[in-house]
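Colleague: Before I rely on this model, could we go through it together, one point at a time?

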Amino acid sequence: MRVGVLGGGLQGCSAALALAERGAEVILFDKNAALLSRAAVANEGKIHLGYMYAGDLTLSTAKTMMTGALSFAPFLERYLGRPAESFSLSVPATYVVHRNSQRSADDVCAYLEAVHALINEAAEGRDQAYFGRDLRAPLRAWSAAETEAEFDPAIAVAVLSTPEIAINPSALAVTVRECIAGHPKIEVRCNRTIVRAEERNGICIFSNGKDGPFQERFDHVVNALWDGRLGLNETLGIRANRPWLHRLKYGVSFRLPSNVRTPPSATFVLGPFGEVVTYGDGMIYLTWYPECLREISTDVTPPDWATYPSEPLCSRIIVGTFRALSGIVTSLKNLNAEGLPEASVRGGAITAWGKTDIYDPGSELHTRYAIGVFSKGCFHSIDPGKLTMAPHFAEICAERIRPAVSHRYVRAGIRQVAPGSAV
């Protein structure tokens with residue numbers, strides 16, 4: 001069985017690995033020169049446990065995210081063959097309630113405690129499932145003295161420590177690329193842009209590349225494109241029945257100078273704020289929503305936004321992001337924003353359901369639970385919502401296709417033995 005996987009981000013690469021393990025011959029397409037080279041490495045890599053989504057009072061987003069988060073590390077260990085703790089991970093995140101939060105400090109703290117209780121329940125019997133972190137320890141509220149030592153107390157009205165971490169997406173990308181390149185059942189075709197799909201005794205994919213247009217039929221196709229997913233779906237008559245937004249958001253990465261105190265990983269809630277992510281390898285990631293959000297599109301397929309902004313925009317994003325965050329985070333105050341080691345700005349599209357931005361407390365962008373795998377016959381479209389969910393949805397998609405793979409082995413008189421345990 002031949003399966004075409006469209007999109008070489010983390011979702012596409014995860015789907016390719018899960019399908020190949022189940023016996024499929026996988027052709028993995030990407031429009032870029034290398035896998036995992038755009039939006040996949042332009043974010044903070046947070047493995048969400050659900051704490052961020054205090055705007056979703058139903059807790060549906062939190063329940064969805066924690067399911068993905070608890071599947072993430074086991075997926076890496078199973079398919080990449082490395083202990084999850086060996087990846088470049090961040091310091092656990094503190095959640096900081098901003099004075100202009102869309103919900104009160106009491107409401108946000110109550111939400112965090114409710115989510116933590118659900119995490120404890122979901123993690124029961126899975127002690128090592130979240131990068132070896134102990135999820136049973138209670139959340140810890142910071143004292144006034146602790147808060148004042150790290151943040152401007154006039155802005156940080158409440159601070160709680162959580163076990164939530166981020167994984168350095170650039171380091172993860174290197175390992176995933178190596179694994180994909182060495183896999184005997186995965187063929188990678190970069191520099192090919194997917195144009196459309198047609199049903200023809202399976203799915204026929206039309207693509208363009210440097211060697212011209214090409215078409216090829218597959219028994220199954222997985223649409224793991226990111227900003228191009230909705231547009232490709234429409235070529236098969238699959239249309240979204242709700243509004244969506246594509247948002248171009250950038251982040252700033254740099255290496256912390258050795259003489260500077262390490263800032264805490266901090267996520268500011270609830271609203272259009274930002275975060276600081278401190279990785280164990282000395283890299284720091286910053287984003288501040290008003291400065292880093294640059295474009296919004298409601299087109300089915302958004303413009304081909306630049307991953308790396310040119311000057312003077314690049315410098316403007318760095319300086320503006322530092323100006324905002326250094327006014328809150330004490331250890332950032334004395335840094336020179338214009339002379340940081342290995343400083344870079346990277347960005348990508350964020351595609352989500354909703355018609356208003358997160359400045360609106362009622363925006364659907366505050367939720368992420370209406371996501372997952374949509375299947376129509378042998379065409380499967382994956383909306384991961386967040387990086388956290390990519391491995392989990394890859395397993396779901398691969399399991400849907402598995403019966404067809406197994407059927408082929410039976411017809412050929414071959415006994416199939418999966419190299420891993422069934423999901």
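Predicted model: local features only at pLDDT ≥ 70, side-chain atom pairs only at ≥ 80, totals over all residues.

Modeller: Residues are numbered from 1 along each chain as its sequence is written, and side-chain values use heavy atoms, with hydrogens and water left out.

Colleague: Why is β18 described as largely enclosed by the rest of the structure?

Modeller: Strands (E, at least two residues) and helices (H or I, at least four) are DSSP runs, numbered from the N terminus, and buried means under 20% relative accessible area with a 1.4 Å probe, protein chains only. F379, S381 and D383 point one way from β18, while H380 and I382 point the other way. β18 is largely enclosed because the number of its five residues that are buried is five.

Colleague: Which residue stands opposite S381 in β18?

Modeller: Strands pair if DSSP finds at least two bridges between them. β17 and β18 run antiparallel, joined by five bridges, and form a hairpin with two residues between them, where G377 in the turn has a positive phi of about 65°. β10 (residues 220-223), by contrast, runs parallel to β18 and is joined to it by three bridges. On β10's side, the residue opposite S381 is N223.

Colleague: Which element gives the most to the lining of the second largest pocket?

Modeller: A pocket here is an open set of points, on a 1 Å grid over the protein atoms alone, where a 1.4 Å probe fits, with protein on both sides within 12 Å along at least five of seven lines, and lining residues have an atom within 4 Å of a point. The second largest pocket is lined by 18 residues, with R229, N233, A240, W353 and F374 nearest its centre. At least two lining residues come from each of α6 (229-235), β17 (372-376) and β18 (379-383). The greatest contribution, four residues, comes from α6.

Colleague: Which residue of β14 stands opposite V276?

Modeller: β13 (residues 274-278) forms a hairpin with β12, with four residues between them, and A266 stands opposite V276 on that side. β13 also pairs with β14 (residues 283-288) in the antiparallel sense over five bridges. In β14, the residue opposite V276 is L286.

Colleague: Is L248 buried or exposed?

Modeller: L248 lies in strand β11 (residues 244-255), and its contacts, leaving aside neighbours within four places in sequence, include C292, W305 and G348. Its relative accessibility is 4%, so L248 counts as buried.

Colleague: What distance separates the C-alpha atoms of F75 and A390?

Modeller: F75 sits in helix α2 (residues 60-80), and leaving aside its neighbours within four places in sequence, its contacts include P391, A394 and E395. F75 and A390 are 315 residues apart along the chain, and their C-alpha atoms are separated by 9.9 Å.

How values were computed. Buried < 20%, exposed > 50% of the residue type's maximum accessible area, 1.4 Å probe, protein only. Contact = heavy atoms within 4.5 Å.
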